[in-house]
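Here is a friendly briefing to read alongside the coordinates. It begins with one residue and its surroundings, then widens to the chains and their contacts.

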Amino acid sequence: MSVRHSIIDGPALDAPESLDSHLARLGHLPTGSREVIDVLDAAGLRGRGGAAFPVATKWRAVAERSRRDAVVLVNGAEGEPLSAKDRLVMETRPHLVLDGALLAARTVRAREVVVYVGEEHRRALAVMQHALGERSAQERRSTRVLAAPARYVAGEESAAVHFVNEGVALPTTTPPRVFERGVAGRPTLVQNVETLAHVALAARHGGAVRGTALLTLSGAVPRRGVLEVAEGSSIGEALGRAGGPGDHGGALLLGGYFGGWVDLDQAAAMPVDAAWLRSAGMALGCGVVAVLPASRCGVAETARILGWLAEQSARQCGPCVFGLRAIAEAVQRIAERRPQEGDLHRVERWSQQLAGRGACKHPDGAAALLQSALRVFAGDFTMNQVRRTCVATARTAAA
Amino acid sequence: MNNTLLWYTARAAGIVSLVFLSAVVVLGLLARMRVEGRGWPRFLTAAVHRDLALLSLVFLSIHIVTAVTDPFTALGLNAAVVPFGSYYRTFWLGLGTLSVELMLAVVVTSLVRRWIGQRAWKAVHWAAYAVWPMAVLHGIGTGTDAFTLWSLAVTIVCVGGVAVALMWRVDYARRDPLREEKRAAAAASTRELVR
Amino acid sequence: MQELSVDRIRCDGSGFCAEMLPEMIQLDDWGYPILARGAVPADLMQHARRAVAACPVLALKLRAREREVVRR
C-alpha cells in the first residue's frame with residue numbers, strides 16, 4: 001500500500017517547526033546505510049533543483065568515491081526569482097532538510113555538511129542557523145551555514161563548491177564534476193533543499209512512497225504562492241487550486257527562467273512529472289508555474305527575461321557574454337516593434353549556437369527559453385518583426 | 001683563425017641577434033592582439049614569433065662562442081655562464097649573460113608548455129620583458145662600436161619598434177570591453193568567507 | 001578515438017584553432033569556437049594536435065571519448 005507523505009503537512013506555516021514537534025510528529029530518522037540508496041531508487045526520487053537527476057544515482061556516485069571524507073552541500077540558494085518553494089521548506093520545515101542532509105552524510109560517508117542559503121533569503125538563513133542549534137553536538141560541529149551571493153549562477157553546483165572553497169560563486173570548468181572533486185577536492189554531493197526534505201520523509205516510510213512536488217504559482221492567478229501537489233496530478237488542477245487562470249489563450253512559463261513557455265490550454269492537461277515533461281520537450285525545472293495572460297505580450301516578457309539572464313551571466317565565457325547580450329537586445333528591439341533588418345533570423349541562428357558553449361548551463365537555459373518563446377509566440381514574433389504591430393494589444397483592444 | 005674575424009663575427013652575430021630578438025618581442029605582442037592580414041592568418045604571427053626566437057638562439061650561440069674563444073679579450077667560459085663573472089666591462093657583459101639565461105628559461109618552458117601547464121609557462125614568459133631590455137643595454141654597454149652611426153640607427157629602430165608595439169598592446173588591453181565586465185561580475189559573486 | 005573539447009572559461013576567442021582545423025572548428029559571430037561533434041577522423045589527427053599546441057591559452061584539448069559514468 002503506497003502512501004503519499006507531504007512536506008507541508010504539520011503545524012501552521014507561519015513559523016518554523018521545532019525539533020521537538022518534528023520528532024514527535026515523524027519519529028526519529030533511521031540510521032543511514034547503503035539500503036537508503038535502494039529506498040530512494042525504488043521511490044524513483046529525482047532532484048528538485050531543476051535538473052531532475054535521479055537522487056539514488058547521484059548518491060551512489062559520491063559514495064563510491066568517498067573515502068569517509070565526502071561533503072554534503074545543501075543547496076538553498078534559490079536564485080530563480082519566481083521560485084519561493086525552497087525558502088518555504090527552509091523557513092517552515094528546517095528539520096526535514098537537516099534530516100535529509102544528515103542521512104545523506106551518513107550514507108555517502110561525509111564528514112562535513114555545508115548549508116548554502118541565498119544571502120537575500122534572510123529569514124531562511126536565520127531559521128536554518130537556529131534549527132542547527134537545536135541538533136546534536138556532532139551535527140553542530142560538522143555543519144556550517146553559508147550565505148550565497150544573490151546571483152543567479154550562484155546556485156549552480158560548481159559555483160556553490162567554488163564559493164565554499166574560495167569565496168567566489170562562479171561556475172568552474174568540468175571535468176572534474178563535483179561528485180568527483182568538489183569542496184576541498186573531495187567528492188561532494190550537492191542536493192536541493194526540497195529534495196532532502198523528500199529524502200527525510202521517504203527514508204522514514206521506506207517501501208513504496210508516492211511523491212509530492214512543490215510548485216510556485218505566480219503571474220495572473222488570484223492566489224499566488226507555493227502549492228504542494230501530488231506527483232502526476234495535472235497542471236490544470238494546480239492552477240485551479242490557485243484560483244485561476246481565468247481567461248484562456250495565454251501562456252505558461254513552466255520551470256521559471258530556466259524552463260520554457262508552454263501554451264496555457266495545452267499545459268493544463270500535462271502532469272506534474274519531470275520525466276514526462278522532459279520527454280515532451282519541456283521542463284518542470286524548479287517547479288515555477290507562472291501565468292501570462294493573453295493580453296500581455298509574450299515577446300516583451302521574453303525580452304525582459306533574456307535581458308535579466310544576460311545581466312546575470314558570470315561573464316566567463318565568450319558565447320554567453322556576447323551571445324546572450326546580442327540576443328536579448330535583438331528580442332527587445334523586436335518587442336518594441338523597431339527591429340533591424342534580419343533581427344528575427346539572427347535571433348533564431350544565435351539561439352542554436354548557445355547550447356553547450358559555456359562552462360555551465362546558463363546559456364543552454366536561455367536558449368531553451370528563447371526557443372520555446374519562438375514556438376509559442378511565433379505569430380507575435382513574426383508580426384512584430386515584419387508588420388511592426390503588436391498582436392497582444394490588438395487582442396486586448398478586441399476583447 | 002683570424003682574431004679580427006672572430007671579433008667581427010661576434011659583433012655581427014650579436015647585432016643580428018638583437019634585431020631578431022626585437023622582432024620576436026614585437027611579434028609576441030602582435031600575436032596577443034590577433035593581428036592578421038590577407039594571406040596571413042593569426043596563428044602565423046605566433047608561429048613566426050616562435051621560429052624567430054629559436055633562430056635567434058642560433059645567432060646568439062655564434063655570438064657567445066666567438067666572443068668567448070676570441071684570444072684577444074680572453075673572456076673565457078666563466079663570462080658566458082656566470083652573470084657579472086667577467087673582468088671586462090663586468091656590468092654590461094653580465095647583463096648579456098643574464099639575458100641569455102633567462103631567454104633559455106623562456107624557450108625551454110615554451111617547448112614543454114603542454115606538460116608544465118599554462119600558469120607556470122606564463123609566469124616564466126613574463127621574464128621576456130626583462131630579456132630584451134637587458135640585451136639592448138648589453139649591446140650599448142659592451143659594443144666597441146656602439147656609438148657609430150649605423151649601430152645607433154639599428155638600436156633606435158629596434159627600440160622604437162618595440163616601444164610602438166608595447167604602447168599598442170597596452171591600449172588594446174585598455175580597450176578590451178570584456179575586462180571591466182569580468183571584473184565586475186566576479187566582484188558581485190565574491191564574498192569574504194568567515195571561517 | 002579522440003574528441004575535441006574546449007575549456008570555455010580559458011578560451012579567449014583568439015581563433016587560432018579554427019585556422020588550423022577548419023574542418024572541425026568554426027568561429028561564431030564573436031570569434032569563439034564552435035566544435036564539430038564526434039571523434040576526430042584519423043586523417044585530421046595531426047592537424048588537431050597542431051591546433052591544440054597552437055592555442056595561446058591551452059584551452060583546446062584532445063581527449064579520449066568518454067563513456068559517461070553517470071547517465072540520466
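In this predicted model, A:Thr172 counts as buried because 21 other C-beta atoms lie within 10 Å, where the cut-off is 20 or more. A:Thr172 sits in a loop of chain A, between helix H8 (157-166) and strand S5 (188-192).

**Around A:Thr172**

- Setting aside residues up to four places away in sequence, A:Thr172 touches A:Ser158, A:His162 and A:Ala359.
- A:Gln316 is 144 residues from A:Thr172 in sequence, yet the C-alpha to C-alpha separation of A:Thr172 and A:Gln316 is 9.3 Å.

**Helix H8 of chain A**

- Is this helix enclosed or open? Eight of the ten residues of H8(A) are buried, so the rest of the structure largely encloses it.
- After H8(A) comes A:Gly167, which has a positive phi, near 80°.

**Nonpolar cores**

- In soluble globular proteins, nonpolar side chains tend to be buried together.
- Here the largest nonpolar core holds 135 residues, and A:Leu73, A:Val74, A:Ala160 and A:Leu189 are those with the most contacts inside it.
- H14(A) is the element that gives the most to this core, contributing ten residues.
- What surrounds A:Val74, leaving aside its neighbours within four places in sequence? Its contacts are A:Val97, A:Ala101, A:Val113, A:Val114, A:Val115, A:Tyr116, A:Gln191, A:Val193 and A:Leu196.
- There is also a second, separate core of 54 residues, which includes B:Leu21, B:Leu29, B:Ala46 and B:Ala79.

**Chain A as a whole**

- Chain A is built from 18 helices and eleven strands.
- With a radius of gyration of 21 Å, close to the 21 Å that the globule rule gives for 399 residues, chain A is as compact as a globular protein of that length.
- The C-alpha trace of chain A spans about 65 × 45 × 35 Å along its principal axes.
- Of the 399 residues in chain A, 55% are buried.
- Taking the contacts in chain A between residues at least 6 apart in sequence, 71% link residues at least 24 apart.

**Where chain A meets chain C**

- On this contact, chain A supplies 13 residues and chain C supplies eleven residues.
- Helix H3 (55-65) and helix H14 (318-335) of chain A each provide at least two residues of the side of chain A that touches chain C.
- H14(A) accounts for the largest share of that side, three residues.
- By class, the side of chain A that touches chain C comprises six nonpolar, six polar and one charged.

**Where chain A meets chain B**

- Eleven residues from chain B and ten residues from chain A take part in the contact.
- The side of chain B that touches chain A comprises five nonpolar, two polar and four charged residues.

**Confidence in chain B**

- The average pLDDT of chain B is 88, and 95% of the residues score at least 70.
- Which elements of chain B have the lowest and highest mean pLDDT? The lowest belongs to helix H3 (residues 76-81) of chain B, at 74, and the highest to helix H6 (residues 118-125) of chain B, at 94.

Note on methods: Residues are numbered from 1 along each chain as its sequence is written. Chains are lettered from A and ligands numbered from 1 in the order in which they are written. Helices (H or I, at least four residues) and strands (E, at least two) are DSSP runs, numbered from the N terminus. A residue is buried if 20 or more other C-beta atoms lie within 10 Å of its own, exposed if 12 or fewer, and partly exposed in between; C-beta atoms are placed from the backbone. Two residues are in contact if their C-beta atoms, placed from the backbone, lie within 7 Å. The radius of gyration is taken over C-alpha atoms; the globule rule is 2.2 Å times the number of residues to the power 0.38. Ala, Val, Leu, Ile, Met, Phe, Trp, Tyr, Cys and Pro count as nonpolar, Asp, Glu, Lys and Arg as charged, and the others, Gly among them, as polar. A nonpolar core is a set of buried Ala, Val, Leu, Ile, Met, Phe, Trp, Tyr and Cys residues joined through C-beta atoms within 7 Å. pLDDT is the predictor's confidence in each residue, from 0 to 100.
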